[in-house]
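Please keep the structure in view while reading.

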Amino acid sequence: MSGAVGKVSSRSAFAMCVVTIAVGMAATARADDMMAGKTIATQGTAKGVAACISCHGGKGEGNAAAGFPRLAGVNASYLSGQLSAFANGERQSTIMQPFAKLLSSNGRSAVALYFSALPPPAGIKTNDRTAIKPSDIGAWIATRGRWDQGLPACAQCHGPGGIGVGVTFPPLAGQPAAYIESQLHGWKKGARPPGPMALMPVIVSKLSDTDISAIAAYYAGNAGPSDNAAPTGSKQ
Amino acid sequence: MISQSWLSKGILIGLLAIASGAMGGITCAAEGSTPGSAPEPSAPSAAKAFAPPAEAAMPTNEFGKSIKLGEQIFTHTQEFAGKYVGNSLNCASCHLDAGRKPDSSPLWAAYLVYPAYRSKNGHVNSFAERLQGCFRYSMNGKAPPLGDPVLVALETYAFWLAQGAPVGEKLPGQGYPKLPAPALKADYTRGSQVYAQHCALCHAAHGQGQSSGGKAVFPPLWGAHSFNWGAGMGEIQNAAGFIKANMPLGLGNTLTDQQAWDVAMFMDSQERPQDPRFTGSVEATRAKYHDSPNSMYGERINGRVLGAP
């Protein structure tokens, strides 16, 4: 009896050790990736990749004037996926494609991890405005869509306030208006790949240039002075 | 409560009516619109399609405030009617575009077909009583008492949406589309494949949905935070009609009828909160409330009896 108990407990102790080591190794690997990512982000690479922060901002907050997107707090899988798409030419960008190609697969993952772990820019709201009039085109499409055309609201996939949901639906909140506009036009022109289930090409086919500008302005202006909150994207 | 007398008569029509009841019921009194040829989601095409008043036409007086509250309850149910809600869903999860969208059990069409006799509970139901059923089953919560401001506001909103529509008529777009019977019997395995390919991106691998910022974004389709076994969406034909016309969101009418039937069967063959009418026995509860090929309640799936406590 006691032998059996001893056997069980020594086995569970062994299991605990294995788990601890595994967790420890994973944590170490993550920390290593994080450091490698930080180096790429802040210093670039010897092969000629420029420091990401020189365009995307010291905290990954983006550059509204230039339309360079916010990376801080954006899901790591999403970011590394986009880097891969730049690298293989599926997503077109004369700026990003050369850098993405110069990075190794590990480098792309590491830098994505680094930016995903940065806090989103202060002031991103988790809520949409409550008093929205249909005449406010951007806010209306963002929160209600235009269902007589079969157009869902942005928030139905990108979350309240456009803070992003999970791996697949990136944040719109706090992205520069020029960036949101260029991406929506990019889907119209085929400069961005269709993405999961080819959802976005269908969406943009129902948006006019006026709609696109209005939606971009809504989300760009969504970063107000309060209600800072991280996009969680947790499974329920 | 339902008298069982009609059941013992074995009236198949009665059973089918039960099957088509509930959340959809707002689909219940009438079946869906055009069997076989669900209109495009963007279908103002149907010449005589009813259009509810434009949002901008909503009055701003005291009456308008109740309309607005009803709309807010409808789209943010937890925030505006939380004490009656027991899950993560909103009314608008299944009634898209704040209850305006045809083929998504729109409020304006439901409003016209009440009061109505419902075999689900064996008496004439007012519209308010019908709304109580939504909270009890689809929202897995508690029925607000008649006269409660929540019910008053929802009824006011529905009344306003139905302005100018003919009382008593079943308008095109009412309820969920009634799909023709599938060529092949709806199948769990095929349904799981449709789910993985077309649904899991948003509703997650185990139907639990996804939330962000503390709010449900993609509604849970089964499990503890979804609708309970008494809800109309738990009946395969309702779910199939809704899915066909409306899912994946923004890509309505892209699945085949067969895919819609299969994935509806898959979704409705999962665990979910108990039917609040549970009699203490799954067999008896099935016999009394779910005796239909469109309900999987009490059936054995993957070695488990659905609905077993």
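Predicted model: local features only at pLDDT ≥ 70, side-chain atom pairs only at ≥ 80, totals over all residues.

In chain B, helix α8 (residues 127–138) and helix α9 (residues 149–161) pack at an angle of about 115 degrees, and their axes lie 10 Å apart. The two helices α8(B) and α9(B) are therefore roughly perpendicular to each other, and their crossing is right-handed. On the side of α8(B), the residues B:F127, B:A128 and B:L131 meet B:L151, B:L154, B:E155 and B:A158 of α9(B). Sorted by class, this contact of α8(B) with α9(B) has six nonpolar residues, no polar residues and one charged residue.

Another pair in chain B is formed by α12(B) and α13(B), whose axes come within 8 Å and cross at roughly 130 degrees. These helices, α12(B) and α13(B), are therefore oblique to each other, with a crossing that is right-handed. The contact is made by B:I236, B:A239, B:A240, B:I243 and B:K244 from α12(B), together with B:D257, B:A260, B:W261, B:V263, B:A264, B:M265 and B:M267 from α13(B). By class, the contact of α12(B) with α13(B) has ten nonpolar, no polar and two charged residues.

How much of helix α13 (residues 257–267) of chain B is covered? Nine of the eleven residues of this helix are buried, which leaves α13(B) mostly covered. The buried residues are B:Q259, B:A260, B:W261, B:D262, B:V263, B:A264, B:M265, B:F266 and B:M267, and they pack against α10 (188–198) and α12 (236–246) of chain B.

The contact joins A:A76, A:L79, A:S80, A:L83 and A:S84 of α3(A) with A:R108, A:S109, A:A112, A:L113, A:F115 and A:S116 of α5(A). In the contact of α3(A) with α5(A) there are six nonpolar residues, four polar residues and one charged residue.

| Helix pair | Angle between axes | Axes | Handedness |
|---|---|---|---|
| α8(B) and α9(B) | about 115 degrees | 10 Å apart | right-handed |
| α12(B) and α13(B) | roughly 130 degrees | within 8 Å | right-handed |

Several backbone features of chain B deserve a careful look. Most residues other than glycine have a negative phi, and most peptide bonds are trans. A cis peptide bond joins B:Y114 and B:P115, with omega at about 0 degrees, and B:P115 has its place in the loop between α7 (107–112) and β1 (116–118) of chain B. Another cis peptide bond, between B:M247 and B:P248, has an omega of about -10 degrees; B:P248 is in the loop between α12 and α13 of chain B.

Turning to phi, B:D97 has a positive value of about 50 degrees although it is not a glycine. B:D97 is placed in helix α6 (residues 96–99) of chain B, and it counts as buried because 23 C-beta neighbours lie inside 10 Å. B:N302, likewise not a glycine, has a positive phi of about 50 degrees. This residue, B:N302, lies in the loop between β5 (300–301) and β6 (304–305) of chain B, and is exposed, with 8 other C-beta atoms within 10 Å.

Of the 309 residues of chain B, 56% count as buried, and of the 236 residues of chain A, 41% do.

The domain assignment divides chain A into domain 1 (1–119) and domain 2 (122–236). Between these domains of chain A, 17 residues of domain 1 are in contact with 17 residues of domain 2. The side of domain 1 that touches domain 2 is made up of seven nonpolar, seven polar and three charged residues.

Finally, 32 residues of chain A are in contact with 29 residues of chain B. On the side of chain A that touches chain B, the largest share, three residues, comes from helix α9 (residues 199–204) of chain A. By class, that side of chain A has 13 nonpolar, 15 polar and four charged residues.

Methods:
Residues numbered from 1 in each chain as written. Chains lettered and ligands numbered in written order. Contact = placed C-beta atoms within 7 Å. Helix = DSSP H or I, 4+ residues; strand = E, 2+ residues; numbered from the N terminus. Nonpolar A, V, L, I, M, F, W, Y, C, P; charged D, E, K, R; others polar. Buried ≥ 20, exposed ≤ 12 C-beta atoms within 10 Å, placed from the backbone. Domains from an automatic or database assignment. Axes fitted to C-alpha atoms, helices over the stretch in contact; angles between N-to-C directions. Parallel < 35°, antiparallel > 145°, perpendicular 65-115°, else oblique. Left-handed = near helix turned anticlockwise from the far one by under 90°.
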